[in-house]
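Hi,

I'm handing over the structure we talked about, ready for you to open in your viewer. My notes on what turned up follow just below it.

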Amino acid sequence: MSLFSAVELAPRDPILGLNEAFNADSRPTKVNLGVGVYFNEGGKIPLLRAVREAEQARVAAEQPRGYLPIEGIAAYNTAAQTLLLGQSSPLIAEGRVVTAEALGGTGALKIGADFLKRLKPAAKVAISDPSWENHRALFEGAGFEVVSYPYYDGATHGVNFAAMLDALNGYPAGTVVVLHACCHNPTGVDLGEAQWKQIVEVVKARGLVPFLDIAYQGFGDSIEADALAVRLFAAAEVNTFVASSFSKSFSLYGERVGALSIITDTKEEAARVLSQLKRVIRTNYSNPPTHGASIVASILNTPALRATWEQELAEMRDRIRAMRNGLVERLKAAGVDRDFGFVNAQRGMFSYSGLTAAQVDRLREEFGIYAVSTGRICVAALNTRNIDVVANAIAHVIK
Ligand code: PMP
């Protein structure tokens, strides 16, 4: 009898399953809108010029690959904080922000969750309905009970803000509230400034613990504007967790570059929090990898590379916008009555398109166009060669 005879086969990851089906499809006009990756006009994951230059300099310098400190590269952590809170952040100047390099945004969420579990063992974690599919499993895996707060309203293609506030107002103090800082995944629907201010007020008044997930900074409106939520919590002096991911903004998916930042009340408190966070990291993977973070640090800290990166980031953002516009226009031109204007108001790579599961099935079966059954499409997978095919297929299945 094997040790593993009772091990059940875990369900397949739905999005990876979709990729496998896409790869096996032999139709030349197939399009994969299921993925969560930015593709350029050529349908490829870009290698940014800023990244290429920073990598060449790194290779030329022939640096040895010793262990990093447990919390990662100092220049990287400072740059990540500054990106979140701005150049003139008083909290950074006062030494009140703890930042540790992490294995992507996922790794940042995980070390934050493990630390929070030690700090608040009985707390519940609240995530948006819907949310990034890994949020629930990740926090449950860290030992938390996970609940959902209302977020998306299919009828208006907006946020059911009153219901969201109601839910937050009903949570006991200490509840961890996971918030998408910008470019909500999967819906593309974000809160406005006035709404964020109300959220900050409720979180502060009720003693909730905000955990902001920022995986698309710069993909919405701008680097600065996309950090609004983080900066509002900081200005309100709320103890806040922030998980940053640079997977998309630097197109460095496989290098696993992210950071966890925690806003504390004093410099002395920050030192204690960092010491505990380091224990969490040490017992998980000891210390983080060198390559991705050193590339990001040199881009963010070298003015010429940074200017190149900011331009490339703007190009990615503008291309996604153009594809949103293009899709809306083409659907109209194809005679679709339904107003798809809401797609233009959404932010980031994704769109909750309003397509039903049955329509998504038809797109796949009849046209080789792959999307998530919830109707989420990755707008960043559209380009000028496939957008007509996609728009005509959508027009066909919704008529
Ligand atoms: N949070 C959200 C909302 C995401 O969409 C993603 C990536 N799909 C992540 C976190 C994880 O990012 P990473 O790949 O850097 O771990």
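**The core and what surrounds it**

In this predicted model, the largest nonpolar core holds 118 residues, and Val177, Leu212, Val230, Val296 and Met349 touch the most other members. Helix α12 gives the largest share of this core, eight residues. Both domain 1 (14-46 + 317-398) and domain 2 (65-301) supply residues to this core, so it lies between them.

Setting aside its neighbours within four places in sequence, Met349 is in contact with Gly36, Tyr38, Cys183, Tyr216, Phe219, Ile320, Cys378, Val379 and Ala380.

Now for the two domains. Their centres, taken over C-alpha atoms, are 29 Å apart. Where they meet, 17 residues of domain 1 are in contact with 18 residues of domain 2. On the domain 1 side, the elements giving two or more residues are α12 (303-333) and β11 (350-352), with β11 providing the largest share, three residues. That side divides into nine nonpolar, five polar and three charged residues.

Which residues surround the ligand? They are Gly36, Gly104, Gly105, Thr106, Trp132, His180, Asn185, Asp213, Ala215, Ser245, Ser247 and Gly258. By class, this shell has two nonpolar, nine polar and one charged residues. Helix α5 (residues 104-119) contributes the largest share of the shell, three residues.

Best wishes

Note on methods:
Residues numbered from 1 in each chain as written. Predicted model: local features only at pLDDT ≥ 70, side-chain atom pairs only at ≥ 80, totals over all residues. Domains from an automatic or database assignment. Contact = placed C-beta atoms within 7 Å. Helix = DSSP H or I, 4+ residues; strand = E, 2+ residues; numbered from the N terminus. Nonpolar A, V, L, I, M, F, W, Y, C, P; charged D, E, K, R; others polar. Near = placed C-beta within 6 Å. Core = buried A, V, L, I, M, F, W, Y, C linked by C-beta atoms within 7 Å. Buried ≥ 20, exposed ≤ 12 C-beta atoms within 10 Å, placed from the backbone.
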